[in-house]
Amino acid sequence: MMQTTFLQKRAYILLLLVVLIYSAVNATGSDSYKLWYDKPAAHWNEALPIGNGRLGAMLFGGVKQDHLQLNEETIWSGGPGNNSSKDLYSTMQEIRRLLFAGKYKEAQDLSNKEMPREPEANNNYGMSYQPAGDLWIDFLHEGETVAYRRELDIADALSTVTYRVGEVTYKREYLATAHDQVIMMRVTADRAGSISCNLKLNTPHLIHQQHFIGNRIYVNGTSGDKQNKKGQVKFSIAVEPKVKGGALQAEGEMLRVRQADELTVYIAIGTNFNNYHDLGGDARERADDYLNTALKKSYRKIKSKHVEDYRRYFDRVSLDLGQTVAMNKATDQRVADFHLGNDPQLVSLYFQFGRYLLISSSRPGTQPANLQGIWNDKLSPPWSSKYTVNINTEMNYWPAEVTNLSEMHEPLFAMLEDLSVTGKESAWNYYRARGWNMHHNTDIWRVTGIIDGGFYGMWPMGGAWLSQHIWQHYLFNGDNAFLAKYYPILKGVTQFYVDVLQEEPKHKWLVVAPSMSPENSYQSGVGISAGTTMDNQLVFDVFSNFLEAAHVLQVDEDFMDTVASKLKRLPPMQIGKLGQLQEWMEDWDRADDRHRHISHLYGLYPAAQISPIRHPTLFEAAKKSLVFRGDKSTGWSMGWKVNWWARLLDGNRAYKLIADQLSPAANDGNGEAGGTYANLLDAHPPFQIDGNFGCTAGIAEMLIQSHDGCLHILPALPDQWQNGEVKGLKARGGFIVDIAWKDGKLQKLKVHSRLGGNCRIRIASAKMVDKLAVEKAIGENSNLLYKVPEIKEPISHIGQLAANYTEEFEEYDLPTKKGKTYFLLK
Ligand code: FUC
């Protein structure tokens, strides 16, 4: 009896194993880069995003009624004009006086009074990004639906819906092509004459008209008014279907399709937007041009060009962290089950989805990705879906270089060109400073003023942070022509801080005042301050970048001297009473502060001012600050934490944050819970795209890092990723890196050198099986793209802090030649 049960059990286990192995193999097929669902989207957070940088659509995939919610990136409320005409210079001077006299509450009160929470009648606090319209397709299906499946294939940037009604199997396919500048939907069926539907196009905008010319529907509209600005963006949506077989006819407010074999819908959108100060384009003519050109081409042709174009970018990077049967579940179920710990592939899917979103929302020549990328269905979206630059816009671009999508960074540089013009107004009117500056927000009109009141808005650092992206792009790509082109922007931001820095009375350090550590306070309702740690770190980077850039380009020698002498007088970082990195110049930090912004850790990431090897005590202090703040927060805050834990070389804690992020977000949530919606978009909540990009960058940062004078291989590998392979990540110095590892140890390392120069490789001794077949490193890295600016010796207020980071590293030098590939381990 005992014996039989045992045998039965064994047979059962064997069978289970066969099934598991079979499904695991099955799961490794072409499905790895697909989001899929067994039902239509019940709401926006379940709909799937497609986009070409300029145009976006959210796809709902309903059987009886399909819905494409449409966006075009230049439809914003209002029109041209900045919001910083008020002369605030004497107010700034008075606030400085109060701050340096220790009268913080008075300083905050004055700034709240002179910079009100709501805009004054002649001013505005930035416009809203607005939707274009909605295309509705009502299918005349009778009977029950079976075998429904909705997919987004992020490897090809194609979405499909398939299902059967009665005897007929239907397939819909959707794409947004950058090559042909249209959105398309194509419907096929496996039986002739089965496609009958009605198409309707509308828009939520107040001012609009709809009309037909032949089988083309237009909705022409005007963007909304807001605050002191009248809506001035004119847009035109033009939709025209083509059918094979059956009949197509305009009737009333809709287009009727009856008994067609095939239906292809072409969607074009044009606006009158030329640039932030010129709305002289013809919206309707543009929509017609896009549509007429596309209509001459077959769906097949457009699709193959689209896929080819998209894959040029997407295929550069692959990531394999292991595949299991968990992959066979629908994507929403995978998010719900991620905590079970058996679905490593969901992390690679989420990582690649971040890359998909960047390629789909930020192409050269388009606007930068805003708080929602390009996907928004509301006339008044959260935070106006504009550009918040005290973290969010920067975070959107963190994956651009390291995940090998440098071209997608371009819209941000183009925006900086505009801001370096409009920001002259705020630099002068508020601070009497040369150069340009901005505060914590901007929009398509490139406003640079203080908004949302003195508490949130008194932060003159937006330009300092955003302009880091120019320098970082240079470090990854070593392109001197690029540097020369954008040098005036770096110089303008440097001039601003040269003029704006104030000598504080206590230590005679040069500091930014007034300012704040973004959105945080050190007393109830008081955040305004002088010389916050983040500001000091930002100005340190602004000045260091400028000096390097001027040196590379051999220009502005005299001004370099001025900048160098001011750089020496910036405050050092300080370690406070809790052993933490101080957030403010005074030791005001609280152990129970859980604020989502941890701005003083800017120096740890994205900047590279805190190294485990050069500054072990600062490294410990930064870790303390991060531990105090805790894990759970908004999506973007958790995305930032993944990067910080990666920089702190703690893969397990970084992974924990990824797991927190990959937990289901409530659809109607608000607040600071983070999480991921069914469509894999990030929840603040509500939806905000920065968390997707932050987490994507963080995953890359766990696999390679390229600051602190070297290329660090597998710096923060969690226990969950003991085996894996990544290909195509980009490091500073233009190195493209492929790595394979097994049981936590390096198996394969391939470096392709785009620019030549020394590649200094760092790796933990414990991760090595064999020595690398290159020389051990000696002295400073000769590669100038790895030069590390010296920070000032930190001050500790609690004596010497013990450095307890113990991991041992090996460092090697690989001298490379431009264009050559090196296999360091095979
Ligand atoms: C900053 C953050 C908020 C939100 C907003 C768009 O103000 O503090 O959490 O992300 O930007």
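Colleague: Is Y129 buried or exposed?
Modeller: A residue is buried under 20% relative accessible area, exposed over 50% and partly exposed in between (1.4 Å probe, protein chains only). Y129 has 0% relative accessibility. Because that value is below the limit for burial, Y129 counts as buried.

Colleague: What kind of model is this, and how are residues numbered?
Modeller: This is a predicted model, in which local features need pLDDT of at least 70 and side-chain atom pairs count only at pLDDT 80 or more, while totals for chains, interfaces and linings use all residues. Side-chain values use heavy atoms, without hydrogens and water, and residues in each chain, as its sequence is written, are numbered from 1.

Colleague: How many helices and strands does the protein chain have?
Modeller: Both are DSSP runs numbered from the N terminus: helices are H or I with at least four residues, strands are E with at least two. By that count the protein chain has 20 helices and 34 strands.

Colleague: What is the radius of gyration of the protein chain?
Modeller: The radius is taken over C-alpha atoms, and the globule rule is 2.2 Å times the number of residues to the power 0.38. For 826 residues the rule gives 28 Å, and the chain's own value is close to this, so the chain is as compact as a globular protein of that length. The radius of gyration is 28 Å.

Colleague: What share of the 826 residues counts as buried?
Modeller: The C-alpha trace spans about 80 × 80 × 55 Å along its principal axes. Of the residues in this chain, the share that counts as buried is 63%.

Colleague: Are the rings of W76 and Y129 stacked or tilted?
Modeller: The structure holds 34 aromatic pairs, where rings of Phe, Tyr and Trp (its six-membered ring) pair if their centres lie within 6.5 Å, and planes under 30 degrees apart are stacked, over 60 edge-to-face and the rest tilted. The centres of W76 and Y129 are 5.6 Å apart and their planes are at 50 degrees, so the pair is tilted.

Colleague: How many residues apart are W76 and Y129?
Modeller: W76 is in the loop between β4 (65-72) and α2 (89-100), and Y129 is in the loop between α3 (104-114) and β5. The pair therefore links distant parts of the chain, and the separation is 53 residues.

Colleague: Which helices hold Y487 and F546?
Modeller: Y487 and F546 form a stacked aromatic pair, 5.8 Å centre to centre with 25 degrees between the planes. The two are 59 residues apart, in helix α14 (residues 480-500) for Y487 and, for F546, in helix α15 (residues 533-553).

Colleague: Where is F139 found, and which residues does F139 touch?
Modeller: F139 is found in strand β5 (residues 133-139). F139 is buried, at 5% relative accessibility. With contact meaning heavy atoms within 4.5 Å, and not counting residues up to four places away in sequence, F139 touches V63, K64, D66, R172, M185, V187, S196 and C197.
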